[in-house]
Amino acid sequence: MPAPWVETIASGLCLVARVSGDLDYLTVPVLRPQFTELFAQTGRSVVLDLSDVGFCDSVGLELLLEAWRQADGSGGTLFLVCVPPALQQIFQVTGVDQLLRAYDSVATAKAALRA
């Protein structure tokens, strides 16, 4: 299994971060510092592209909630995009979909940021 990673691209008012790999108890220790770095700049909004995430357990879900709290605490916003159907179902069952904003694409998330 390849190591998880986060690829970031500055894009106007926000930072787009494409997450690859699973979000689980094995990968979160690798991903957590990368996520923390995303929110190091106060007030920056982050768009997390989850299209390459194959699996998410409760530890991965907690990482996404931590990211949401970090963004909120720094005056930024967290947007999720391209959430795979299995993750969407987890979000709905746990109620996380009420906290985390999810969009179909980076373009729609960026449009919501401008609105």
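Start by selecting R18 and D52: their side chains meet in a salt bridge, 2.6 Å from N to O. A salt bridge here is a side-chain nitrogen of Lys or Arg within 4 Å of a carboxyl oxygen of Asp or Glu. The pair links distant parts of the chain, with R18 in strand β2 and D52 in strand β3 (residues 45-52), 34 residues apart. Strands are DSSP runs of E with at least two residues, helices are runs of H or I with at least four, and both are numbered from the N terminus.

Before moving on, a word on what is loaded: this is a predicted model, in which local features need pLDDT of at least 70 and side-chain atom pairs count only at pLDDT 80 or more, while totals for chains, interfaces and linings use all residues. Residues are numbered from 1 along each chain as its sequence is written, and side-chain values use heavy atoms, with hydrogens and water left out.

E7 sits in strand β1 (residues 5-11) and R18 in strand β2 (residues 14-20), 11 residues apart. Now colour by accessibility, where buried means under 20% relative accessible area, exposed over 50%, and partly exposed in between (1.4 Å probe, protein chains only). R18 counts as partly exposed because its relative accessibility is 31%. E7, at 33%, is partly exposed, and D52 is also at 33% and partly exposed.

Next, jump to R69 and E62, whose side chains meet in a salt bridge at 2.5 Å, N to O. R69 is partly exposed at 42%, and E62 is partly exposed at 32%. Across the whole structure, a search finds 4 salt bridges.

Time to go inside. Which residues touch the most other members of the largest nonpolar core? Select F35, L48, L50 and L78, out of 28 residues in that core. Such a core is a set of buried Ala, Val, Leu, Ile, Met, Phe, Trp, Tyr and Cys residues joined through side-chain atoms within 4.5 Å. The elements giving two or more residues to this core are β2, α1 (28-38), β3, α2 (58-73), β4 (78-81) and α3. Helix α2 provides the largest share, 6 residues.

Zoom in on F35. Leaving aside neighbours within four places in sequence, F35 is in contact (heavy atoms within 4.5 Å) with V6, V19, L48, L63, L64, A67 and Q70. Apart from this core lies another, of 6 residues, among them C14, F79, V81 and A109.

The structure holds 1 aromatic pair. The ring centres of F79 and Y103 are 5.6 Å apart and the planes stand at 55°, so the pair is tilted. Rings of Phe, Tyr and Trp (its six-membered ring) pair if their centres lie within 6.5 Å; planes under 30 degrees apart count as stacked, over 60 as edge-to-face and the rest as tilted. F79 belongs to strand β4 and Y103 to strand β5 (residues 101-103), 24 residues apart. Buried or partly exposed: what is F79? F79 is buried, at 1% relative accessible area, whereas Y103 counts as partly exposed at 25%.

Last stop: T94, in helix α3 (residues 85-94). The T94 side chain reaches the backbone oxygen of I90 at 2.8 Å.

Technical notes: Polar contact = N/O pair within 3.5 Å; in protein donor to acceptor, adjacent residues only side chain to side chain.
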